[in-house]
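Here are my notes on the model you sent. Please read them beside the coordinates.

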Amino acid sequence: MRQKVTLTSQIRIQRCSDCGAILQSEDPSSPGYLSQERVIKKQDQGLCDRCYNLRHYNSPGDPEFGADYIKILKKATTSGALVVYVLDLFTLESSFVPEIGAYLGKNVLVVLNKRDVLPKDEDDNKLIGDAKKRLVLEHIVPTGVMVTSSAKNINIDAFLKEINALRNGKDVYFIGASSVGKSSLVNSILRRYKNETDRVIQTLKVEGTRLEVMEIPLDQESSIFDTPGIYNPKSLLNQVERAAWKYLVPREEIAPRVYLSQPNQAFVFGGVAAFELVSGGKTEFTFAFSNEVAITRTKALNLEKTFASLAQTDQVKPTSAYIKSLSDLEKKEIAIPASGKMELSLFGLGKITFSGANQRIAIYLPPHVGVKAIVTDPDFN
Ligand SMILES: Nc1nc2c(ncn2[C@@H]2O[C@H](COP(=O)(O)OP(=O)(O)OP(=O)(O)O)[C@@H](O)[C@H]2O)c(=O)[nH]1
Ligand SMILES: [Mg+2]
């Protein structure tokens with residue numbers, strides 16, 4: 001008789017659609033574990049428990065940009081509302097929502113929030129100028145760009161004034177990636193707000209979508225709407241547990257850390273990412289991460305061992321239950337040009353700056369996390 005069993009068991013091998021691990025229900029501590037409970041509940045069975053939890057519990061109500069947000073934005077733009085698109089100065093690159101440009105409409109106020117985490121001596125006008133150039137690439141021509149901090153009350157009065165000047169009596173929609181500070185900005189407004197209408201502040205489900213928004217009436221006809229953050233799988237924040245966020249997300253001004261590195265030296269960030277100068281001359285690296293992310297220097301030769309020992313113990317912050325060895329991370333090698341000031345954005349973690357001189361560098365990050373290398377000043381050396 002033919003061995004049908006083999007064929008069937010091969011067909012049944014399924015991989016997690018996020019991490020690619022083969023799905024299995026035997027060992028909860030091995031990759032690809034899919035619990036019986038979720039099989040019975042028929043919850044997202046294309047995902048292993050780990051990826052399911054990352055998607056759903058790290059991002060409650062943070063779906064990726066798609067049909068539901070497009071519906072909200074259509075509603076906003078057809079009614080002539082002002083769209084406040086909030087970006088996060090700490091992790092600017094990962095706060096851009098891909099593809100959103102086409103849907104924001106003509107009246108867009110871009111807010112660069114979390115100004116307080118950048119050094120005080122940075123020039124706001126330069127931040128605004130750089131953001132405008134960057135927005136062109138996203139096909140966004142804003143009506144205005146402002147720098148704010150909801151945490152430290154920077155420019156909040158001016159922000160309110162600008163909203164009132166631009167909204168022409170219409171609604172205002174706060175839109176942006178998760179955790180950029182939309183609700184904090186709305187709360188800062190609420191502190192200065194007196195409800196003079198007979199309408200109440202409420203949360204409501206937007207018709208035909210899965211999304212809930214908070215509505216704050218401004219007058220009898222118009223309101224502010226705070227929308228749920230848009231999930232960005234490219235941010236490190238969305239690839240580790242929430243418990244790690246308090247170390248990754250800066251709550252105070254970032255003190256950049258400077259290290260002079262020889263080739264074949266490496267650095268481990270908490271126990272969740274790593275960086276290596278593979279070749280090239282001696283290089284000075286400036287790491288602008290949250291002050292609470294530990295940086296450990298090691299020899300490239302020892303990187304695997306050092307990483308595993310840091311990731312598996314509680315000596316450094318942050319760590320993640322999903323990252324136990326270097327093989328849990330994806331390695332990207334980048335060839336750096338010969339001149340100019342280089343800026344590497346590691347999405348959700350921060351920035352590394354240095355002078356470009358034909359180096360080769362390697363970056364180790366959890367799968368999906370984005371990296372962007374740009375020359376910020378071609379004449380710098
Ligand atoms: N340092 C700093 N932290 C901020 C600022 N605004 C917000 N935060 C912090 O950023 C995190 C997210 O803030 P929220 O206001 O909830 O952001 P959100 O965009 O509404 O988040 P979602 O609704 O989940 O998308 C919180 O830990 C805030 O304390 C700011 O201006 N500066
Ligand atoms: Mg919010």
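The points below cover the basis of the model, its domains, its sheet and its ligand shell.

1. Basis. This is a predicted model: local features need pLDDT of at least 70, side-chain atom pairs count only at pLDDT 80 or more, and totals for chains, interfaces and linings use all residues. Residues are numbered from 1 along each chain as its sequence is written, with chains lettered from A and ligands numbered from 1 in the order in which they are written.

2. Domains. The assignment gives domain 1 (11-57), domain 2 (67-226) and domain 3 (237-377); such bounds come from an automatic or database domain assignment. C-alpha centres of domains 2 and 3 are 31 Å apart. Nine residues of domain 2 contact ten of domain 3 (C-beta atoms, placed from the backbone, within 7 Å).

3. Sheet. Seven strands form an open sheet with mixed pairing, in the order β3-β2-β1-β4-β7-β6-β5. Strands are DSSP E runs of at least two residues, helices H or I runs of at least four, both numbered from the N terminus; pairing needs at least two DSSP bridges between two strands. β3 (144-147) and β5 (202-205) are at the edges, each with a single partner strand, so one side of each lacks a neighbour in the sheet.

4. One pair. β6 (residues 212-217) and β7 (residues 223-226) run antiparallel, joined by four bridges. Pro217 has Ser223 of β7 as its bridge partner.

5. Ligand 1. The shell has 19 residues, the closest being Ala151, Gly181, Ser183, Ser184 and Gly229 (C-beta atom, placed from the backbone, within 6 Å of the molecule). Helix α8 (residues 182-191) gives the largest share, three residues.

Methods. Contact = placed C-beta atoms within 7 Å.
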